[in-house]
Amino acid sequence: MRLFHVSDLHLGIRLMNYDLTEEQNYILNQIVQYIKQYQPDVLIIAGDVFDRSTPSANALRQYNQWLSDIYEAKEDIQIMVIAGNHDNSSYMDQYKNLLSKEKFYTAGTLPIQKIKCEDKYGDILFYLMPFVRPSHVKQYLNIDMDQSLSYDKAIHLLLEKETIDLNQRNVLVSHQFYLPEEASLQDIERSDSEIQTVGNIDVIYSSALKPFDYAALGHIHKPMTVKQNIFRYAGSPMAYSISEQNQNKQILMVDLLEKGNTKITSLPLHMKHPVHTIQGYYQNIIQQSSQDYVRIELLDQQDLNAVDLQEQIRFHYPHVLEILFKNRKWVDMDME
């Protein structure tokens, strides 16, 4: 069975007040083209479909059009979507039973939804676990709300409740912050566009993932593995902050063969107008122009007229995100 794994679409997001609809459509179309080319059996969207719990009308239209394009690319594809921390869990569960009849599966709230599929190697069981906080798990498992419960313990308890047949192939779809037991929190780069919990108290250790043959993870925007190659963050499909400018964005193609044999291929995604930093002297910078989303780092030591500087840079770089002096840290806070 062939899976496509994406996450953190954040439809409706703005990049420092710039509307990204056109840019996101450019990326979404690339995913559709990959579906036409590689014909996956299942598309997994591992949370944060939308950037806000109340999506804009434009974001909803964008999502619906993308789904229509996907079904045109492959009519019998199965789609599995979970709610992330940015999504509205109740909205995600709307028409859940009706949509499942069309093999469109959504999971906004507990319990974990289990979907059984079959290929020539036998059964594959998908566990769709939406983003949860310890309070959600307490309520679901009837644990005293006054009892202390960490994110790590909550997810372990939730998964231990499931009867997982280790003789068959099992796939987890989850939107949480997983970390190898031996890793340091400082080893994980969390981007500016992610909501970080104070003190990283949302960490969950990777031992929770052991029963699974593949873990399709969302929440971390940087593509990465968690201890094993089969536990993967697809990452966001495009850069949503300057801190993501050097990340290689992707969609993951996962071929589940017989038990214990999983092949994973990274398919690159490219922004129409990338996010990057331009460094140099003011007079040299304004000799060029770009439609990209750029941070300008000026090397000039002498004082420059701030108003003229901003007007000239905005003229040549209409999507400028930030202007700063490399050695003086002057930042324009009035970018539109």
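Leaving aside neighbours within four places in sequence, which residues is Asp48 in contact with? Select Asp48 and you will find Asp8, Leu9, His10, Ile82, Ala83, Gly84, Asn85, His86, Asp87 and His175, where contact means heavy atoms within 4.5 Å.

Before going on, a word about the model. It is predicted, so local features need pLDDT of at least 70 and side-chain atom pairs count only at pLDDT 80 or more, while totals for chains, interfaces and linings use all residues. Residues are numbered from 1 along each chain as its sequence is written, and side-chain values use heavy atoms, with hydrogens and water left out.

**Stop one: around Asp48**

Asp48 sits in the loop between strand S4 (42–46) and helix H2 (57–73); helices (H or I, at least four residues) and strands (E, at least two) are DSSP runs, numbered from the N terminus. Asp48 is buried but has no salt bridge, and Arg133, the nearest side chain of opposite charge, is 9.1 Å away. Here buried means under 20% relative accessible area, exposed over 50%, and partly exposed in between (1.4 Å probe, protein chains only). For charge, Lys and Arg count as positive and Asp and Glu as negative, with His and the chain ends not counted. A salt bridge is a side-chain nitrogen of Lys or Arg within 4 Å of a carboxyl oxygen of Asp or Glu.

**Stop two: salt bridges**

The structure holds 11 salt bridges. Select Lys114 and Glu162, whose side chains meet at 3.1 Å, N to O. Lys114 lies in strand S7 (residues 113–119) and Glu162 in the loop between helix H6 (151–160) and strand S9 (169–175), so the pair ties together parts that are 48 residues apart in sequence. Lys114 is partly exposed at 43% relative accessible area, whereas Glu162 is buried at 13%.

Next, pick Asp213 and Lys259, with their closest N and O atoms 3.0 Å apart in a salt bridge. This pair links distant parts of the chain, 46 residues apart: Asp213 is in the loop between strands S11 (203–205) and S12 (214–218), Lys259 in the loop between strands S15 (250–256) and S16 (262–268). Asp213 is buried at 10%, and Lys259 is partly exposed at 38%.

Then move to Glu244 and Lys249, a salt bridge with closest N and O atoms 2.9 Å apart. Glu244 counts as buried at 0% relative accessibility, and Lys249 counts as buried at 8%.

Finally, select Arg295, Glu297 and Glu322, which are linked in a network of salt bridges.
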